[in-house]
Amino acid sequence: MSDSSRLSDQVSSITRYTPDGTTTFVNGALCRFYGVNKETLLGKNLYDYLSPEVGSELRRLLASATPDQPIVPFVLPLLLPSGRKLWQEWTYRVLFDDGGKISGYQGVGR
């Protein structure tokens, strides 16, 4: 079984991004939570879905990660189409290449 298959089966929302925020992977739980299919999210930029304030805070936190401290917790405020406000807890792992440069991010939300 591939890593992508295992991630797709999880009940938590899981996603991966390039350093600029482009979505490269989403699992089934994330698609079910947001009521969309994978094709709707893949290739889209994470920051396009966040308010400027929330996006700036997330960028700041992700940039503060180091290879020794790659985990970044983040609480994402969501406004549902019904008008209901919801908070979703995310844990991001900042991925680094061999030279210590950020190569991407993986997020797990619940």
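Q: How many aromatic pairs does the count come to?
A: The model is predicted. A pair of aromatic rings is described by the distance of the centres and the angle of the planes. By the rule used here, the count is two aromatic pairs. In one of them, the ring centres of Phe 33 and Tyr 34 are 4.9 Å apart and the planes stand at 85°, so this pair is edge-to-face. The other, Trp 90 with Tyr 92, is stacked, with 5.8 Å centre to centre and 15° between the planes.

Q: Are Phe 33 and Tyr 34 buried or partly exposed?
A: Buried means under 20% relative accessible area. Phe 33 has 39% relative accessibility, so Phe 33 counts as partly exposed. Tyr 34, at 35%, is partly exposed too. Trp 90 and Tyr 92, by contrast, are both buried.

Q: Which ring has the charged end of Arg 59 over it?
A: That ring belongs to Tyr 47, and the charged end of Arg 59 is 3.7 Å from its centre. Another arginine, Arg 16, lies over the face of Phe 25, 5.7 Å from the ring centre.

Q: Where does Asn 45 lie, and what is it in contact with?
A: Asn 45 is in the loop between helix H3 (38-41) and helix H4 (52-63). Its relative accessible area is 16%, so Asn 45 is buried. A polar atom of the Asn 45 side chain lies 2.8 Å from the backbone nitrogen of Tyr 47. Leaving aside neighbours within four places in sequence, Asn 45 is in contact with Asp 20, Gly 21 and Thr 22.

Technical notes. Residues numbered from 1 in each chain as written. Predicted model: local features only at pLDDT ≥ 70, side-chain atom pairs only at ≥ 80, totals over all residues. Heavy atoms only, no water. Helix = DSSP H or I, 4+ residues; strand = E, 2+ residues; numbered from the N terminus. Buried < 20%, exposed > 50% of the residue type's maximum accessible area, 1.4 Å probe, protein only. Polar contact = N/O pair within 3.5 Å; in protein donor to acceptor, adjacent residues only side chain to side chain. Contact = heavy atoms within 4.5 Å. Phe/Tyr/Trp six-rings, centres within 6.5 Å; stacked < 30°, edge-to-face > 60°. Lys NZ or Arg CZ within 6 Å of the ring centre and 35° of its normal.
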